[in-house]
Amino acid sequence: MTGKTMRTPMRGVLGLGSARSGTEHFWRQRVTGAANAILVVAFVIIVVSVAGRPYAEVLPVLSSPLVAVMLLLLVVSVTVHMRIGMQVVVEDYVRSEGLKVVLLIANTFFTVAVGAVCVVAILKLAFGA
């Protein structure tokens, strides 16, 4: 059996390369990028509509369930996109395996912290706490 491989053509069909993740990161990055484009437009519309208004007029707009959900979706999409993008940069350009692991962990903690702070702020506005 020397020279023969035990691999099946299914590996190629599933897109499983040496990292065993195939194009998953690529597609996730593209999907979150498209979602960001749509959600950022909505975010800009919201910001422009409340710009210059006093706090008492802005609060009802930002506490609207539709606006709160849209802002939450934006935060989740942006933080996932940011994490994937930084992960790719670290994996591509950091040579030291130890430093790479530390940076990937820090990247995940940072994006989770940013997302959590934003979610708490949005929920605080939405529920008037």
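Throughout these legends, buried means under 20% relative accessible area, exposed means over 50%, and partly exposed lies in between (1.4 Å probe, protein chains only). The structure shown is a predicted model, in which local features need pLDDT of at least 70 and side-chain atom pairs count only at pLDDT 80 or more, whereas totals for chains, interfaces and linings use all residues. Residues are numbered from 1 along each chain as its sequence is written, and side-chain values use heavy atoms, with hydrogens and water left out.

**View 1. Overall fold of the predicted protein.** The protein has five helices and zero strands, its elements running α-α-α-α-α from the N terminus on; helices (H or I, at least four residues) and strands (E, at least two) are DSSP runs, numbered from the N terminus. Of its 129 residues, 19% count as buried. The accessible surface, computed by the Shrake-Rupley method with a 1.4 Å probe, comes to about 9,200 Å², of which 74% belongs to carbon and sulfur atoms. Among contacts (heavy atoms within 4.5 Å) with a separation of 6 or more, 65% are between residues 24 or more positions apart.

**View 2. The largest nonpolar core.** This core, a set of buried Ala, Val, Leu, Ile, Met, Phe, Trp, Tyr and Cys residues joined through side-chain atoms within 4.5 Å, has nine residues: I46, V50, V58, L62, V67, A68, L71, V75 and I122. Helices α2 (24-50), α3 (55-62) and α4 (65-93) each supply at least two of its residues, and α4 gives the most, with four. Leaving aside neighbours within four places in sequence, I46 is in contact with L62, V67 and M70.

**View 3. A nonpolar patch that includes V44.** V40, F43, V44, V47 and V48 make a nonpolar surface patch of about 390 Å²; patches are made of residues with over 30% relative accessible area and no salt bridge, with nonpolar side chains (Val, Leu, Ile, Met, Phe, Trp, Tyr) joined within 5 Å and like charges within 9 Å. A salt bridge here is a side-chain nitrogen of Lys or Arg within 4 Å of a carboxyl oxygen of Asp or Glu. V44 is found in helix α2 and is partly exposed, with a relative accessible area of 42%.

**View 4. The surroundings of Q29.** Q29 also has its place in helix α2, but Q29 is buried, with a relative accessible area of 15%. Its side chain reaches the backbone nitrogen of G85 at 3.5 Å. Leaving aside neighbours within four places in sequence, Q29 is in contact with H81, I84 and G85.

Conventions
Polar contact = N/O pair within 3.5 Å; in protein donor to acceptor, adjacent residues only side chain to side chain.
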